[in-house]
Structures are given as structure tokens and as C-alpha cells.
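Please work through each task before reading its solution.

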Amino acid sequence: MGHTCVFGLGWGDEGKGKVVDLLCPAFDYVVRFNGGANAGHTVCVGEERFALHLLPAGILHESATAVIGPGVVVDPIKLIEELDGLIERGIDPGSRLKISERAHLVLSYHKIEDQLSEQAASSGKKIGTTARGIGPCYADKMRRSSAVRFVDLVHDASLLDRIEQIVEQKRKMFIALYGEDGELDVEAVVADVVRAKNRLVSNICDTTSLLHRAVEDGQSILFEGANGVLLDIDHGTYPFVTSSSTGPHGIGVGAGVSPHVVTTRIGAAKAYSTRVGAGPFMSELNDATGDRIRIAGHEFGTTTGRPRRCGWFDAVACRYAAKLAGLTDIALLHLDTLSGFEEVGVCTGYRIGDRTIHTMPADISSCEQVEPIIEFLPGWSEDLQEIRAFDDLPQNARDYVARVESLVGSPVSLIGVGPKRSQTIVRGDLKNVVGDISMSAPA
Ligand code: GDP
Ligand code: IMO
Ligand code: MG
């Protein structure tokens, strides 16, 4: 299998963790290239459930080298906690984990700034971030003078002095902007940096050269996108987005590997739509149907526990994301969640006043004025969770999948019928990659 990217076609939480876990045994490397601990990727194996935030979800497979690329913003303390959590459960990634020396550190002042700026924003302007310090860390990266990279832990003899200066600058800035310093504690920041160095130094390396060699040697790489294309910093529902390039286009920036080598681009989407945090959601259902989807799909955030907003599948937004990403395959998760609905809706266009459009408006006020055009298809009542072959799905479920394919313009090659690894239907060429799921060893 050629180099592959799994990424989100929506506003995150599409089920990327499950898809990465399934594909991972066929790859030598699994690489995170964007975002940070704002991600929460769930993998369910048997009765065990893992939620990965900074480590690639493929870390559960011993055969793969796990890489955190240059474009990821890494909270080292969260990463250490995540590693310790896995070790307690009998999985020690050890030297299988490689952290790019070019990756930036999220430190406690980034998280404080994330919280203070959200608190200070007036209603309607709050982004509803995950409070993981993502935006402030990427902003420091662009600002350059106040950024800290993993390579600094290894090579910068005056790093701790520099950290003290950065913290004092942040204190002045917080007081000026927010009237308080958010209990910024310089000693605690220094202690975190020292802890990061002591614990992670042996994992820090030049992952860019490592991946270049892997490409040259014919080894295979699975890129694991975080967040989703509709949250992309350039192409998402700005400003209600995250601060990184979330689709395959982010691989060049975030992994240092030319995206042209990535020949399979699998976009994960739910059979309906969800969003956490603020921002436009054109097919949102603020009614009993939305509540019913939330309960049936257990739609509560993996990272923050917040209830997710729910709505019908938005084929307009999904096709937009597909075009941006050069989508080759759709992984359609949570088809099981729609069982029992008399009819199932798909948003096929946006009406704004007397205009009908089939593209994503750039401005939020237009997005918010959108009246979705919903096409209803007959639903199905059967429980899908034990079905493993496409032809065994009820006819209406098959017709629904075919409608998604024709509206988005790509084949649905993987269907989720439950959270577990085994609850998956694989179609087409992907069958050769995934192999027999029922026989795959539990992680
Ligand atoms: P990610 O961030 O894209 O990896 O997605 P999350 O892990 O945040 O959220 C997806 C949720 O849906 C998790 O709780 C998964 O266990 C669950 N899930 C994934 N695929 C399916 C599916 O096909 N059916 C059901 N019922 N749950 C699924
Ligand atoms: P995974 O990888 C869902 C959303 C936040 C907020 C906005 C900005 O699990 O799919 P940030 O903390 O990044 O500055 O928040 O983006 N967001 C996500 N929503 N899943 C994610 O990741 C997300 N990462 C960021 O809720 O609306
Ligand atoms: Mg998630």
C-alpha cells in the first residue's frame, strides 16, 4: 500500500482513531503532523478503550514506529502522562516513539492564555477552544522570539534563562490585556521544561530525515490527521477553527514529507455531522432529532467531555473538504447510530435568502444565514452492529451509502457499524490492506 493519510472531513471527532488503528498493521510508520492535545482519538479493542491525544493512535501496534512531526504542538507534560497511562496498561512505546526536534512545546502559559482570552471574549466571539494552549503556541511559533522547540531542550544551554524571560513577558502581556496574570508560576514552567528534557530527550530526533529515508527505502507511512478539514486554519469556518493545516495538505508543512507521495487519502466522516465548540453548523438539528443522534452516538467529547452538537450529514461541506484534500476514499463511521430513524436526512444545498449555493461561504454571517436543503431518504430499523459485509446491510442503508458516494464524489471504502475494531465493513482495495479484522490480534 502506498503512503496513506487518514484525516477528518468535518469538524473533528469523525472516528479517525478507529480507522488509523485498523490500517496501522500494514504500515511501518504512523505520523501525527498537526494539532496537539486538542485531539482525542479513540480506539476500542474488545472491551478496552484508549483515548490518544498526542501519541498517534497507531502507537498501540508494536510493528509501527510512531512519529510526532515538526508541525505538532506538544504539551510535554500531557505527553508524559499519556505515556505513563499506556505503560500502566502494559504498552510501553519506548524508543518506538520519535518526537521531531522541530516540534514546538506547549507550556503552561499557553494554556493560561487560551483560557484568559476565551474568558475575555464577548459572547458570540468565544471560539470554544479545548483550552489546551493550541492557538497561543502556534501564535508563538509564528512570532518566533517567544517560541520553544524540542531541539532547544537538547542544544540551547541558556534555555532556562530564556524561559524565565518569556514567562515575564507573558505576565506583562496577560496583566495588560486581561488584568491578571492567570497565576503564572515561573518556577513551575522551568520545572516542566526540566522534566520534559529528562524524560523525553532520548525520543527527540530528526524525524524529517527519518521519514525521507523511509520513503527512499520503500517503507510505508500512515499519516494521522488531527481535527478536521472544516477546522482548518485557512480553509475552515474561520475564525471558528483550530490553528493548523488539518488535511493531507498539512503533511508537507507538518511532517516535512512532500504530500505528492501520499497516494491514498482517506477522509473520515460520520453518517451524520457533529461539532464541538462554537461556530457555524449549517445542518445542525437543534431539536429532538439532534438530541436523539447525540444519545444514540454517545456524542460527548473525547478531550473535554462536552456534548457535541449534532445534525444531518452535510454533503455540501463534505464535498468542499473532499476537493481540498484530493479525497480518494471515504471512511463512513457511525452508520449503526442511524438505525431506527424513520427517515435520514442529507444536506444537499444551502439556501441564503432567495439564492441556492453549493459551496462554502467564507464569511460566518452567510454561513449562519444558511437554510439547509435537506433530502430525506428512507431509514432502516435493523441493528447493524453485527453486520460485516456490505451486501448484508439493509437495502435502505446501502442506498444511503450510495447517495453519500454520489453527492461527495468518492467511494465509501470503509463503514463503521460500532466503536470496536471488529465492527467494520471494508470494501474494494482497502480489503487487501486491512485483511481479516476478526483475526487481527488485540492491541
Ligand atoms: P476522532 O477524534 O476522529 O478519532 O474521533 P473520536 O474518538 O473523538 O470520536 C469518535 C467516537 O465514535 C469514539 O467514541 C469512537 O469510539 C466512536 N466510533 C468510531 N466509529 C464508530 C462507529 O462506526 N459506530 C459507533 N457507534 N461508534 C464509533
Ligand atoms: P480530533 O482530532 C473536535 C475544535 C474545538 C474548537 C476549535 C478550536 O479529536 O478530531 P483549539 O483548542 O484547537 O484551539 O479549538 O476546534 N477542535 C476539535 N473539535 N475534535 C478535535 O480533534 C478538535 N480539535 C479542535 O472544539 O471549536
Ligand atoms: Mg476526537
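**Exercise 1.** Is Asp 84 buried, partly exposed or exposed?

*Solution.* The model is predicted, so local features need pLDDT of at least 70 and side-chain atom pairs pLDDT 80 or more, while totals for chains, interfaces and linings use all residues. Residues are numbered from 1 along each chain as its sequence is written, chains are lettered from A and ligands numbered from 1 in the order written, and side-chain values use heavy atoms, without hydrogens and water.

Step 1. Buried means under 20% relative accessible area, exposed over 50%, and partly exposed in between (1.4 Å probe, protein chains only).
Step 2. Asp 84 has a relative accessible area of 29% and is therefore partly exposed.

**Exercise 2.** Identify the salt-bridge partner of Asp 84 and locate both residues.

*Solution.* Step 1. A salt bridge requires a side-chain nitrogen of Lys or Arg within 4 Å of a carboxyl oxygen of Asp or Glu. The partner is Arg 199, at 2.9 Å from N to O.
Step 1. Arg 199 belongs to helix H7 (residues 186–200) and Asp 84 to helix H2, 115 residues apart; helices are DSSP runs (H or I, at least four residues) and strands likewise (E, at least two), numbered from the N terminus.
Step 2. Arg 199, at 31% relative accessibility, is partly exposed.

**Exercise 3.** Which residues coordinate the magnesium ion (ligand 3)?

*Solution.* Step 1. Donors are N, O and S atoms within 2.8 Å of the metal (3.2 Å for Na, K and Ca); water is not among the atoms, so sites may look incomplete.
Step 1. Asp 13 (OD) and Gly 40 (O) coordinate the ion at 2.0 to 2.2 Å.
Step 2. Asp 13 is partly exposed at 21%, whereas Gly 40 is buried at 9%.
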